[in-house]
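Visitor: I am new to this structure. Please take me through it in short questions and answers.

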Amino acid sequence: MTQPGAAGSTRTLSDSDFTAPIEDRYFEDYTPGAVYEYGSITVSEAEILDFARAFDPQRIHTDPAAAAQGPFGGLIASGWHTTSVMMRLFADHYLSRVASLASPGIDEIRWPAPVRPGDTLRLRVTVAEARRSRSKPDRGLVRTSAELINQDGVTVLTLTAMNLLRARDP
């Protein structure tokens, strides 16, 4: 995976950016409607093969010659590899390093287009919902719509993430 340094790799797509850096970001800093874009990571053929051999040993992911004759006309990354790339960008740039408590799950994961060797991927996130927990007011639930987009502007992954975050002001 090729990743540029954090400086210059993040930009906001909304009128306001986070009011706090990731090292000091709490539940209150996630504003519904805010949109951010982070990246990028370039996926190599070797990484696709290594991941698939370890975790998703289907021929479209592990055998370039067989994949060339398959439904995608060439080698493609496992959807789970694609999701792992998304998670790396999500953890590196979006998810608080001090207030993240856990995730109760992911909803509606989709891989609408394949990831191919050499694709460069970026993450676009939208804070869909942020609500304080009624039973534990020291935290809140942030629901995030996430898209992974390749260098051609094609969406290769969509999902909705849910994260529990500690509140700054309980």
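Visitor: What share of the 170 residues in the chain is buried?
Guide: This is a predicted model, in which local features need pLDDT of at least 70, side-chain atom pairs count only at pLDDT 80 or more, and totals for chains, interfaces and linings use all residues. Residues are numbered from 1 along each chain as its sequence is written, and side-chain values use heavy atoms, with hydrogens and water left out. Buried means under 20% relative accessible area, exposed over 50%, and partly exposed in between (1.4 Å probe, protein chains only). Of the 170 residues in the chain, the buried share is 42%.

Visitor: What is the mean pLDDT of the chain?
Guide: pLDDT is the predictor's confidence in each residue, from 0 to 100. It stays under 50 over residues 2-8. Where pLDDT is low, the predicted coordinates should not be read in detail. In the chain, 90% of the residues reach 70 or more, and the mean pLDDT is 91.

Visitor: In what order do the elements of the chain run from the N terminus on?
Guide: Helices (H or I, at least four residues) and strands (E, at least two) are DSSP runs, numbered from the N terminus. The chain has four helices and six strands. From the N terminus on, their order is β-β-α-α-α-α-β-β-β-β.

Visitor: Which residues of helix 1 are buried?
Guide: Helix 1 covers residues 45-55. Its buried residues have a cover that includes helix 2 (59-62), helix 3 (64-68) and helix 4. The buried residues of helix 1 are Ile48, Leu49, Phe51 and Ala52.

Visitor: Is valine 115 buried or exposed?
Guide: Valine 115 is in the loop between strand 3 and strand 4 (120-132). Contact means heavy atoms within 4.5 Å, and, leaving aside neighbours within four places in sequence, valine 115 is in contact with Val43, Ile48, Leu75, Ile76, Ala77, Thr82, Leu121 and Val156. Because its relative accessibility is 3%, valine 115 counts as buried.

Visitor: What is phi of glutamate 108 near?
Guide: Glutamate 108 is in strand 3, and it is exposed, with a relative accessible area of 59%. Most residues other than glycine have a negative phi. Glutamate 108 is a residue other than glycine with a positive value, near 50°.

Visitor: What is omega near for the peptide bond from glycine 39 to serine 40?
Guide: Serine 40 is in strand 2 (residues 35-42). Most peptide bonds are trans. The bond from glycine 39 to serine 40 is cis, with omega near 20°.

Visitor: What is the volume of the second largest pocket?
Guide: On a 1 Å grid over the protein atoms alone, a cavity is a set of points where a 1.4 Å probe fits but cannot get out, while a pocket is an open set with protein on both sides within 12 Å along at least five of seven lines; lining residues have an atom within 4 Å of a point. Grid points are joined across faces, edges and corners, and a volume is the space filled by probe spheres set on the points. For the second largest pocket, the volume is about 160 Å³.

Visitor: Which element gives the most to the lining of the second largest pocket?
Guide: The pocket has 13 lining residues, and the closest to its centre are Met86, Met87, Ser103, Ile106 and Ala161. The elements that give two or more residues to this lining are helix 4 (79-93), strand 3 (100-110) and strand 6 (155-166). The most, five residues, comes from helix 4.
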